[in-house]
Amino acid sequence: MAVLKINGEDKKFKNAVPATLKNLLELLKVDEATVVAEINGQVVPRGNFHNTILQDGHKIELIRFVGGG
Amino acid sequence: MTKLNYEQFEAMLIERHGKSAHEKLKSATVGIAGLGGLGSNVAVSLTRIGVGKIVIADFDLVEPSNLNRQQYFIDQLGTNKVAAMTENLKLINPYIKIDGHQARLTPDNIPTIFSDCPIIAECLDKADQKQMLVETVLNKMNNVKIVAVSGLGGYGRSNEIQTHKISDRLIMVGDSTSGIESGFSLMAPRVAIAAGHQANAIVELILES
């Protein structure tokens with residue numbers, strides 16, 4: 001069992017957490033163009049989502065944007 | 001026409017807000033990224049209460065489709081929004097300093113355009129542009145705070161628009177779901193509620209810093 005804390009809530013994974021931040025967003029069906037992501041308080045630039053490795057226990061904030069202004 | 005000179009205008013603000021709050025507002029500089037429904041309403045609020053300087057940026061012109069929610073007038077159609085907004089704000093408070101940039105915001109020009117601003121309001125329209133601005137500010141502008149909006153479409157559900165402090169540098173306003181891509185239209189009342197939350201969060205940041 002592996003866990004990511006996403007926006008304050010534990011999300012459990014049977015074997016391992018998704019390999020990268022990009023993989024996690026795909027799993028959650030979140031369009032990466034509309035998300036600001038933080039891991040353990042550090043902002044991850046969108047261009048680095050594909051090579052940002054996730055680890056068991058990471059605290060992740062996903063700030064999602066919808067259009068309108 | 002009756003006029004208020006600078007001393008009279010300032011006396012009015014001090015009478016309303018108290019000297020201490022007035023001095024903080026007067027010495028504040030706030031960036032407003034985008035001058036649509038959010039930005040034009042945030043700018044009007046901050047101008048009315050005597051924020052000393054605002055830095056405004058937008059690339060667009062005033063169009064007929066803006067008039068259902070944005071603070072422009074029919075005779076300003078076709079004018080660039082920065083010039084039109086500057087004109088309208090100066091009618092409200094002739095003493096505010098306005099630094100206007102008619103520009104499309106990019107990760108490269110954002111830190112330069114808003115270099116004087118310890119607080120920035122995210123007032124863009126498209127989700128990916130909002131993402132770009134917030135990421136750029138958090139990553140490239142040390143200690144700068146940003147108040148961003150996600151989810152303000154439609155009508156009713158006034159109390160679903162909320163203000164959440166995500167971190168010391170990021171405040172999020174909105175219901176996080178009512179986007180234009182889901183078919184919600186943008187209407188003056190609910191856009192103004194979100195802009196009011198945003199301006200109010202900025203005032204709190206200024207007065208409690």
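Student: Before we dig in, what makes a residue count as buried, and what share of chain B does?
Tutor: A residue is buried if 20 or more other C-beta atoms lie within 10 Å of its own. Keep in mind that this is a predicted model. Going by that cut-off, the buried share of the 209 residues in chain B is 43%.

Student: Okay, how many helices and strands does chain B have, and why is it called as compact as a globular protein of its length?
Tutor: Chain B has 7 helices and 7 strands. The globule rule gives 17 Å for 209 residues, and chain B is close to that, so it is as compact as a globular protein of that length. The radius of gyration behind this is 16 Å.

Student: What order do the strands take in the sheet, and which ones sit at the edges?
Tutor: It's an open sheet of 7 strands with mixed pairing, and its order in chain B is 3-2-1-4-5-7-6. An edge strand pairs on one side only. In chain B, that picks out strand 3 (97-101) and strand 6 (162-165).

Student: How do strand 5 and strand 7 of chain B run, and which residue does Ala148(B) stand opposite?
Tutor: Strand 5 (residues 145-149) and strand 7 (residues 170-174) of chain B are joined by 4 bridges and run parallel.

Definitions and conventions:
Residues numbered from 1 in each chain as written. Chains lettered and ligands numbered in written order. Predicted model: local features only at pLDDT ≥ 70, side-chain atom pairs only at ≥ 80, totals over all residues. Helix = DSSP H or I, 4+ residues; strand = E, 2+ residues; numbered from the N terminus. Rg over C-alpha atoms; globule rule 2.2 N^0.38 Å. Buried ≥ 20, exposed ≤ 12 C-beta atoms within 10 Å, placed from the backbone. Pairing = 2+ DSSP bridges.
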